[in-house]
Amino acid sequence: MPLAGNGGYTVRRYTLDFDWQAPRTPFEAGATISAAATQALSRFDLDFAGNTLHQVTVDGSPARYVRDGDELVVTPARPIPRGRAFTVHVAYTADPTQQRHRDDAIRDYGWVPTPDGTVVCAQPDGAKMIFPADDHPSLRAPITFHVTTPANIGAVANGRLVSTTARPGGRVERTYDSEQPIAAQLVQLAIGRFRVVNSTGPRGLPVRDVVPDDLVGDTAEYRSLTPEHLAWLEQRLGPYPFRRYGVLVGDTELPVALETQSLSVVPKDDLLGDRVDAERNLVHELTHHWAGDSVAIRRWSDLWLSEGHARFYERLYSDSHGGVSLDDAMRDAYEQHDQWRHDDGAPAEPAADTLFKVMRYDGSALVLYALREKVGAAVFERIEKSWVSTYRGRTAGTRDFIDLASRVAKQDLKPFLTAWLHGPRTPPMPGRPDWRVEPVED
């Protein structure tokens, strides 16, 4: 995704204003972007797709702008010197039906309509359908949301509810603060008729579930497992890295859940079926808050670090909670690994259209399993805890993981992990001489 993200400036904060009207109905919106120039700027780009533009200002003065595909090219009235703080405001009409499609696990993404509102699934590059952004997984900034709706419609977003204010015409404005910087792909904005269910996790961590009114009771059993999931993951990865957590139950036909920061969206069907499957999905999205949300990936080819960790701990949890054993799941993945390499690229070698294929999930979890088999469970646990603590709130990539694993294990793991992550063939599994890879079929 070579056009994702932009150079020349750093975003310090997004302030987003949404004046929601009704389901599937365009509404007025605005984005105020506080930024600092990292070089002299005669013009700059924002990632922005669709929507009807009304006006762009820079530091209060009208700016010229043109659309170039998914780039909004802004030319301020006066050049911005290097090091100068500046503010961009974009006024536009948002279309809450706008989506794009991928032929992988993501399928349809962007605005995701529900019967009475919307949820947002922006991964991987769909935030630009929601608001003008510097949309790259390594780039994060805090976000303030101002969301106005009819009085009988609720609104939630990432982070903490700051205020609720009555507005003319029987409308209500809710303000949310993300509390911590957030990548554009992890933004959540949900609007509809739902109930907020509050509870607590380990050490009093606030847990906020957001549930459509008619699904509160039916989803309660599996949602109530979140404190147990938090405690289990904290034993293996260290303290939960954010100030709150919760599950947003999506009244949608979404094919996958998504780790939107502090409020994971989980399709309703995931919470209405088998407990083993439900827990796998819940633990998967929660794990991302350590790997993917807190420790952000440096580039999209590092996605294996995010999805591989989430799938590994999902499988590890399920192993002892009624699911398929980890060894059996990994042996099955091992048998198919050469085929996945052929079809989807090695774990750290995706193409744009194979980014969210199975190799980035079970195929990448297998890399972590192989590392554990090589260094032993105790050393592997130290690597994992060191990884999420060293890079907490930071960005890291594949080379960083290899270097850190080598330091913690006190051995050079670069040849071993490079073969697993980049090689054309699946290496032997340590300690498993009987495991075989199936032949590749074209």
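Two strands are taken to pair if DSSP finds at least two bridges between them, and helices (H or I, at least four residues) and strands (E, at least two) are DSSP runs numbered from the N terminus. The views below show a predicted model, in which local features need pLDDT of at least 70 and side-chain atom pairs count only at pLDDT 80 or more, while totals for chains, interfaces and linings use all residues. Residues are numbered from 1 along each chain as its sequence is written, and side-chain values use heavy atoms, with hydrogens and water left out.

View 1. S15 runs antiparallel to strand S16 (residues 171-177), to which seven bridges join it, and Arg 167 stands opposite Arg 171 in S16.

**View 2. The largest pocket.** A pocket is defined on a 1 Å grid over the protein atoms alone as an open set of points with protein on both sides within 12 Å along at least five of seven lines, whereas a cavity is a set where a 1.4 Å probe fits but cannot get out; lining residues have an atom within 4 Å of a point. Grid points are joined across faces, edges and corners, and a volume is the space filled by probe spheres set on the points. The largest pocket has a volume of about 290 Å³, and of the 20 residues that line it, Val 256, Asn 281, Glu 285, Arg 311 and Tyr 361 are the closest to its centre. Helix H3 (275-287) and helix H4 (303-319) are the elements that give two or more residues to this lining, with the largest share, five residues, coming from H3. The lining divides into eight nonpolar, four polar and eight charged residues, where Ala, Val, Leu, Ile, Met, Phe, Trp, Tyr, Cys and Pro count as nonpolar, Asp, Glu, Lys and Arg as charged, and the others, Gly among them, as polar.

**View 3. The second largest pocket, with lining residues from helices H8 and H9.** This pocket holds about 210 Å³ of space, and of its 14 lining residues the closest to the centre are Arg 299, Asp 302, Thr 398, Arg 399 and His 422. Helix H8 (398-409) and helix H9 (414-422) each supply at least two lining residues, H8 giving the most, with five. Two of the lining residues are nonpolar, five polar and seven charged. In the loop between H8 and H9 lies Lys 410, whose phi is near 60°, a positive value in a residue other than glycine.
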